[in-house]
Amino acid sequence: MQERKTTEHSPTASGAGPDTGREVAVELTGVTKRFGEFVAVEDLSLDIYEGEFFSLLGPSGCGKTTTLRMIAGFDEPTEGNISVAGEQVRGVPPYRRPVNTVFQSYAIFPHLNVFDNVAFGLRRAGVQKDEIRQRVTDACEMVQLAGFEKRRPNMLSGGQQQRVALARALVNRPKVLLLDEPLGALDLKLRKELQLELRTLQHEVGITFVYVTHDQEEALTMSDRIAVMDSGVVRQVADPATLYEFPHDRFVAGFIGQTNMFSGRVEAVEGDRVTLRTSDGEKIEAKGQEAIEANSEAHVAVRPEKIRFGGDGDNVLSVTIEQVVYLGVSTQYIAVRPDGEKIVLYQQNSHDTAGPAEGERVSVAWDAANCLVLGG
Amino acid sequence: MSAKTGGPVYKGVGRIPDRALLLFSVLIYAFLYAPILVLMFFSFNSSRSTQSWTGFSTEWYAALLRDETIHQAFFNSMKVGVTATLIATVIGTFTALALTRHDFRGKLAADTTIYAATVMPEIVVGVSLLAFFVATLIPLGIELGIVTIVIAHVAFTVSFVTIVVRARLAGMDESLEEAAQDLGANPTTTFLRVTLPLIFPGVMAGALLAFTLSFDDFVITFFVSGVGSSTLPLKIYSMIKFGVTPVINALSTVVLVATIALIFGGSRLLVRRENS
Ligand SMILES: Nc1ncnc2c1ncn2[C@@H]1O[C@H](COP(=O)(O)OP(=O)(O)O)[C@@H](O)[C@H]1O
Ligand SMILES: [Mg+2]
């Protein structure tokens, strides 16, 4: 598997996220985790900054949980190092690391009521009784569970258990909070609500959040920065806008949002302007992100909302409209090129004029600046 | 189950008719419990006969209370039962923990051995334990008696405790223990505050099972007991050599009622803990 270092080398990849002056809360250097022959995480290097809402995004099985477990101390890296708050943590057991975890299954203690669940960490740390009472009450209030202190976990809904898990972790004021798909088990409406709540909460407490999710929309909504992972490898680290506008490779472009991809041979390179010839002879003008050689194979991508109707632009294709889907704010068109390849485009419904109908032959156009050459 | 999930309930359609099933159940219960009821019935008989009823009396229970050797046997049984149960429960619980929470060489072998031990013929266990004690303990000056009985009972009850506790552990979410560690609990605290409370019903069930098995074991105890260390089952056996008397009936009834009370009380306790 080709490994891509994304943070340092390419200015478009690291994005506008952290100022250089900020402290690093979690640092992973060359972290690899093997389970026998199987490589779950490969040569992972990340700097997560203090106070940041950082997401690990990727499909199921790509190594997100494994990464989190290595930071928490449940697994040790096979190779590489992890530092939390400037301290190396190799060999430090989970109960001595300044991090707390919100587990995917919540892992609420079923034999303890809400108060005792939330107080668990404080009691282990030997905090005074009065202070425990105060802090637990505050934490319950913070996650909107005031008055639920005496409840047994089995008397709580999924969303409430989620809040207990959150309060139980946050009450300890960890340096870093690790969250493993904390909203995965909840229904859509509650998930949307809690996404916003979590984001607000993170701003209030100012604790570094490392958030694991396989939901790209969730990651884009909540995060300051996102690391996109695939099969144990980090593909790109960037803020949401950069990730969407300037995906580094085919995997990222395909995983984040919708995209149209074309493959072809590079005909000419002029500065960052790359001319591509597709297999059916179509010429496509695109924008290069890094050095590329003429005559090599390349892939380009353009977002659906960057394509418009008409013959005016760097790239013009003639297509047949196959399907029109009205989405309220916008309309989605699925168009077919003569060679059978499909193109998806979105048009805002702000125009008075109606768009083309199904079966109509039209021209679509887009600019080279919105058409990126991808690696991978 | 089908009723709960809202599926159709086929009542007696194309099946054995309900009335035949009822009759069948009654016969099975009669077969299981009639001998016991007969035994209890005759323990209150006023004559020595265990065949014909002559009137109600509690004289055999009084005889039971007067008989010093029966007292001795009862105390031996209690001593052995309690000690063996305590030891077997501790060992069995930690064995179960090792088998579910840790990976080690020979784990599969250890696992299989535990199950094999529960189906080992008692006579084999008894004979081999006797041979073992003769070869090891007796040269050290430890005679056959309470000590050897306790060791033998620990040996054969430990697998049962392990299996029961293990079932409980298997149903427990491992991330609970990780959550405890994540919140600053070291392994000991994690065990005491999270693991043990959660598997406690299993531990109690295991202990109860161990005590019951120990209390009424005859075959193994027969081989490893010595002079003056007769347990209740051994005592009953020796009494029976002189014929079935109502005293034996009375004694058996007491043992039976005590066992049922113990198991009933224990399961009530477990159910209550489950629900809380
Ligand atoms: N203890 C383990 N032993 C063997 N393989 C494991 C273990 N833990 C995780 N894996 C494997 O590592 C890969 C990554 O797992 P994980 O980090 O849980 O993925 P994610 O959280 O991204 O879905 C998966 O293929 C999984 O099967
Ligand atoms: Mg996972």
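Predicted model: local features only at pLDDT ≥ 70, side-chain atom pairs only at ≥ 80, totals over all residues.
**View 1. The interface of chain B and chain A, seen as a whole.** The contact is made by 20 residues from chain A and 18 residues from chain B. Between the two chains an area of about 1800 Å² is buried, and carbon and sulfur atoms account for 63% of this area. Of the area that chain B buries against chain A, 38% is supplied by B:Glu178, B:Asp182 and B:Leu183, which is more than any other three residues give.

**View 2. The salt bridge between B:Glu178 and A:Arg69.** The rule finds one salt bridge across the interface of chain B and chain A, and the side chains that meet in a salt bridge are those of B:Glu178 and A:Arg69, at 2.9 Å from N to O.

**View 3. The side of chain B that touches chain A.** On the side of chain B that touches chain A, helix H7 (175-182) and helix H8 (187-215) of chain B each supply at least two residues, and the largest share, seven residues, comes from H7(B). Sorted by class, this side of chain B has nine nonpolar, five polar and four charged residues.

**View 4. The open sheet of chain A.** Six strands of chain A form an open sheet with mixed pairing, in the order E6-E7-E8-E3-E9-E10. Strand E6 (99-102) and strand E10 (233-238) of chain A are the edge strands, each of them pairing on one side only, and from one strand to the next the twist averages 20°.

**View 5. The pairing of E7 and E8 in chain A.** Strand E7 (residues 176-180) and strand E8 (residues 208-213) of chain A pair in the parallel sense, with five bridges between them. A:Leu179 has A:Tyr211, in E8(A), as its bridge partner.

**View 6. Helices H2 and H5 of chain A against the strands.** Helix H2 (residues 64-72) of chain A lies across strand E3 (53-57), E6, E7, E8 and strand E9 (225-230) of chain A, and runs at about 150° to E7(A). Helix H5 (residues 158-170) of chain A packs on the sheet, where E6, E7 and E8 of chain A are touched by this helix, and the direction of H5 makes about 175° with that of E6(A).

How values were computed:
Residues numbered from 1 in each chain as written. Chains lettered and ligands numbered in written order. Heavy atoms only, no water. Contact = heavy atoms within 4.5 Å. Buried area = accessible area lost by both parts, 1.4 Å probe. Salt bridge = Lys/Arg side-chain N within 4 Å of Asp/Glu carboxyl O. Helix = DSSP H or I, 4+ residues; strand = E, 2+ residues; numbered from the N terminus. Nonpolar A, V, L, I, M, F, W, Y, C, P; charged D, E, K, R; others polar. Pairing = 2+ DSSP bridges. Axes fitted to C-alpha atoms, helices over the stretch in contact; angles between N-to-C directions.
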